[in-house]
Amino acid sequence: MKKKLTPSRVVFYIVLIVGAFIMVMPFYWGIKTSMETLPQSLQVPPKLGITSFNFDNYKAVWENLPFATFFWNTIVMVVIRVVVSTVLSAMAGYAIARIKFPGVNLIFIIILIPMMIPGQIYTLPQYLMMSKLGILNTITALVIPGLASTFGTFLMRQFFMSVPVELEEAGRLDGASPWKIFTKIMLPLAKAPMVSLAIFTGLGSWKDLMWPLVVNSDADKLPLSAGLALLQGQYTTNFPQLMAGSLLSTIPMIILYIIFQKQFIEGIATSGGK
Amino acid sequence: MHSKRMKRLDSRAAWGYVFVLPTLLFVLIMNIWPIINSVYISFTDASGFSTPHWIGFGNYVKIFHSSLIGSASINTVIYAVVSVVVGTFLSLILAVALNEKMKGRAVFRTLYFLPVVSTPAAIAMVWRWLLNKDFGLVNYVLSFFGIKGPNWMGDPHWVLTAVIIVGIWSGIGYNMIILLGGMQDIPSEYYEAAQLDGAGKTRQFFNITMPLLSPTLFFVLVTSVIGSLQVFDLIFVMLDKSNPAISSARSIVYIFYDETFAKGNQGYGAAIAVVLLLVILVLTMIMMKLQKKWVTYDK
């Protein structure tokens, strides 16, 4: 069926385009302002086009705040959390779905409970734990609460439930141990849901603001999300520099997103129980 | 032979424990214990400095008499209702639109999804600038239409609206993708059959898309309600502590953070978290009950 360009279709396109414009405008405006000097940014009326290509604000922000450290802390936090929690989720999800052992249902229920509880319940006790361990203001404290994922375990359990039993039965007849079956047969099959889960948890840690603010107060132990909030306190009204800082901390993820678009979108769609 | 089989079964079970143990231990230590601990702390006057004393329901009584909590609750409910209703409606329209085969679909999808991959702190800052009353782009655009834009960030009547706008803007793409996923699971034969019967697009939407999408829509609604009741990041970054209008935008979780970690009233803060937990659990249960009225699960 060929679609003709009817008036209703034109309206439809216009709405979509206006919508897309509203979604993109803040990014454009941030980039534009970040390359202006303070007086340029305060012109009334503002110039809608890009007026200058000047990277001084980026330099200033980079020099005045430990941005390189923020980046490093973020990468360390996200990578460790993603790798460890994805592997643990796959292991636990597989066991709950496929290995019959006493207590498995109770264990599954215990793992499900936190999915229904708002995170603020954990924040204070977790903070007190880090404080007792004497690891406040460390990267370790930043990483710990994301090392396992109840949601991830649930997701992987759902996936392994859907894998045909015949696939592992062959391995079982050959006398392979559950570890071998898991690593040699199941994990390769689970690549797609694991990538989805990794993206979902990675995005979550990347964006998390409250935990870093609570557990670390030293600037050089903060990830980007919280470091950026710090920037705001320093330059409350210097918008060109604030924009430069915001973009510096957002662009890496946007680049990743543009490269791995398909996986990102599948990762998010998966979180909706697809 | 028999004993060998038994041994194999046992070792299989043992592997089961090995596989779940790390996650189980983590959940017990980092989730289950904190739940118990938070409830306990909420019955004490813990402040992090002196030994905590048991004060019974003292913190809860204080919560119900606090005008600060009262106004934060109203702010949170307004934020949740408006952002969930408007946000879900807009993402549903977008999902329907982008479900059509058309030119540029992938580009639109990419653009609408951009805010989802951006840091909330960055989003909040860019919008602070866009909504600046004198130099912001939004008020400049409004002036084309002869509207004098308000002092978004400084006027108590507008500051919550500003936060809601940014909240909707940053959440639309996420819900759109989930709804699109649900729509793509609807078999196209249904639409083809409806077309043969002469049903128009609107009829198709209400008679096919809506019923078959209702489980996904329900998921989106529940997660959005829960998420919006926990709004914090945007408010924390968009509004300075010294902002005179902040009391018109402070949310429950903002107060929780402020009391527990800025002021050190841990007992009181824990009680706020427990109340929020109860509210969310009750709401989720109500939504689960109500879903029977409109959500259709096939098979």
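Author: Pro45(A) sits in the loop that runs between H2 and helix H3 (56-64) of chain A; helices here are DSSP runs of H or I with at least four residues, strands are E runs of at least two, and both are numbered from the N terminus. The peptide bond that joins Val44(A) to Pro45(A) is cis, with omega at about -10 degrees. Please keep in mind that this is a predicted model, where local features need pLDDT of at least 70 and side-chain atom pairs count only at pLDDT 80 or more, while totals for chains, interfaces and linings use all residues. Residues are numbered from 1 along each chain as its sequence is written, chains are lettered from A and ligands numbered from 1 in the order in which they are written, and side-chain values use heavy atoms, with hydrogens and water left out.

Another loop of chain A is worth a glance. Asn137(A) lies between helix H6 (120-132) and helix H7 (139-143) of chain A, and its phi is near 65 degrees, a positive value in a residue other than glycine.

Now let us step out to the domains. Chain A splits into domain 1 (7-54) and domain 2 (64-271), with bounds that come from an automatic or database domain assignment. Over C-alpha atoms, the centres of the two domains of chain A are 34 Å apart. Nine residues of domain 1 and eight of domain 2 of chain A take part in their contact, which means heavy atoms within 4.5 Å.

Together these domains of chain A bury about 580 Å², and carbon and sulfur atoms give 85% of that area. Buried area is the accessible area, taken with a 1.4 Å probe, that two parts lose on being put together, summed over both. On the domain 1 side of chain A, Phe27(A), Ser34(A) and Leu38(A) lose the most area, together 55% of what that side buries. Between the two domains of chain A there are zero salt bridges, each being a side-chain nitrogen of Lys or Arg within 4 Å of a carboxyl oxygen of Asp or Glu. The elements that give two or more residues to the domain 1 side are helix H1 (7-34) and helix H2 (38-41) of chain A, and H1(A) gives the most, with five residues.

What about the partner chain? Here 97 residues of chain A meet 88 residues of chain B. The area buried between chain A and chain B is about 8400 Å², 76% of it from carbon and sulfur atoms. Salt bridges across this interface of chain A and chain B number zero. On the side of chain A that touches chain B, H1(A) gives the most, with 16 residues.

One aromatic pair links the chains. Trp179(A) and Phe19(B) are edge-to-face, 5.8 Å centre to centre with 85 degrees between the planes; rings of Phe, Tyr and Trp (its six-membered ring) pair if their centres lie within 6.5 Å, and planes under 30 degrees apart count as stacked, over 60 as edge-to-face and the rest as tilted. Trp179(A) belongs to helix H10 (residues 178-189) of chain A, and Phe19(B) to helix H1 (residues 2-42) of chain B.

One pairs Arg172(A) with Glu168(A), at 4.0 Å from N to O. Both residues lie in helix H9 (residues 166-173) of chain A, four residues apart, about one turn of the helix.
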